[in-house]
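The following note comments on the model shown below.

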Amino acid sequence: MVMAAGISKDAIGCITRHWIVRRMLLAQQVHRFIRLLEAVPPRKLTEEQLQRHFTRIKLRFNSLLDQFDIFADVVNQRSEHRTGVWIAGLDILAKDALQRGNDLYRAPPLMCFVERGHGAAIRKARTRLPGGDTNPVAIIQVPRERLVGSGIAASVVHEVGHQGAALLDLLPSIGRAMNQTRIAPENRKAWDLLRRWLSEILADFWAMAHLGVGATLGLMSVVGLPTYFMFRYKGDDPHPFPWIRVMISLAFGEKMYPDAQWTRLRQLWLRLYPVQERDAETKAIIGQILACLPVFTSMVLQHQSAATKGRALTTLFPIAQRQPATLRQAYARLQENTTLAPTLVFAIIGQARADSRISNEAESRFLSDILILWARKRAEITFHN
């Protein structure tokens, strides 16, 4: 790979230390087993007991191979011409989206890679790898079909939101707040669904807090599926069904960034996927969820906990800098200013897309260039240090 395509110094350091320790421990297991076999006088172990020792080592070896492949997939992809540098630029976008809470938590290194498929995903840091070891870095998988446009940021920052919500312990604390909130009996089922969907909703909120309307536009492009899939939901599914997921995003957008654009987007969504022809049960649950959204969105935005040091969630994010009027003014000067925060750059472009001020081609060219610029700057800093 070229130097600009490499993963961050922090990420490669964490992975290297992880491997040094795991290889050393495996080698110790192997040598202990060999000494057991070569012991004089021989240890009185049955063939079954020896086989049990051997199979444990074999399984451990295979789990480390699985771990190796996880990291190797990310690193090897960086050798793809041009794509490798783009992905390095996405690393920098992801880092910017997680560092807002640096005074509240220790952010882990992040690295991105692209994969076939429709949706993005994250293997969070400090969760379990194959074999039970703790993952030293967060690995974000992005669909290849999303390269390159402003919608890619919605996917990346959404996945970062899963990591951020875990670091701030938001799921249990907001879940407890929801349990204590009084809800009309007829809306209890809808409230329970919102609680079940909380992980995905908070990740969408994290994207909205960094990208403004660009988060909703990116979400609409991801979940825009044939009508058959738009209104299907299962009681145990952690994902909101696609139609209501967009409506939840719009509800947050209206409260965080008041502007007429949210009404236009809602009207567009209703024209693309009209509700009138849905069955009575689906329309009933949609009505209940929509009735809950004013209380739910306010509760999330004003949520405070020990992990946030008593600060409301809205104060942790650059919401004031993502207001539509601010982003519209910044767009005129965007080409001249290459020092803006990566999430702010994508927020400005997302707002320009919402306002039809930039073409698909111009958007793609600009974002491709800026991703490469960020990656080169990081490589220069790493080289000089």
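1. Two residues are taken to be in contact when they have heavy atoms within 4.5 Å. In this predicted model, among contacts between residues at least 6 apart in sequence, 74% join residues at least 24 apart.

2. The protein comprises 15 helices and 3 strands. Its C-alpha atoms fill a box of roughly 85 × 55 × 45 Å along the principal axes, and 50% of the 385 residues count as buried.

3. Helix 12 covers residues 280-301. Its 22 residues should span 32 Å at 1.5 Å a residue, and the end C-alpha atoms are 32 Å apart, so the two values agree.

4. Buried positions of helix 12 include Ile 285, Ile 289, Cys 292, Leu 293 and Phe 296. Among the elements covering the buried residues are helix 5 (170-179), helix 6, helix 7 (198-211) and helix 10 (242-256). As a general point, residues three or four places apart on an α-helix point the same way, because there are 3.6 residues a turn.

5. The crossing is right-handed. Helix 6 contributes Lys 189, Ala 190, Trp 191, Leu 193 and Leu 194 to the contact, while the residues from helix 12 include Glu 281, Ile 285, Gln 288 and Met 299. By class, this contact has 11 nonpolar, 1 polar and 2 charged residues.

How values were computed: Residues numbered from 1 in each chain as written. Predicted model: local features only at pLDDT ≥ 70, side-chain atom pairs only at ≥ 80, totals over all residues. Heavy atoms only, no water. Axes fitted to C-alpha atoms, helices over the stretch in contact; angles between N-to-C directions. Helix = DSSP H or I, 4+ residues; strand = E, 2+ residues; numbered from the N terminus. Left-handed = near helix turned anticlockwise from the far one by under 90°. Nonpolar A, V, L, I, M, F, W, Y, C, P; charged D, E, K, R; others polar. Expected span 1.5 Å × (residues − 1). Buried < 20%, exposed > 50% of the residue type's maximum accessible area, 1.4 Å probe, protein only.
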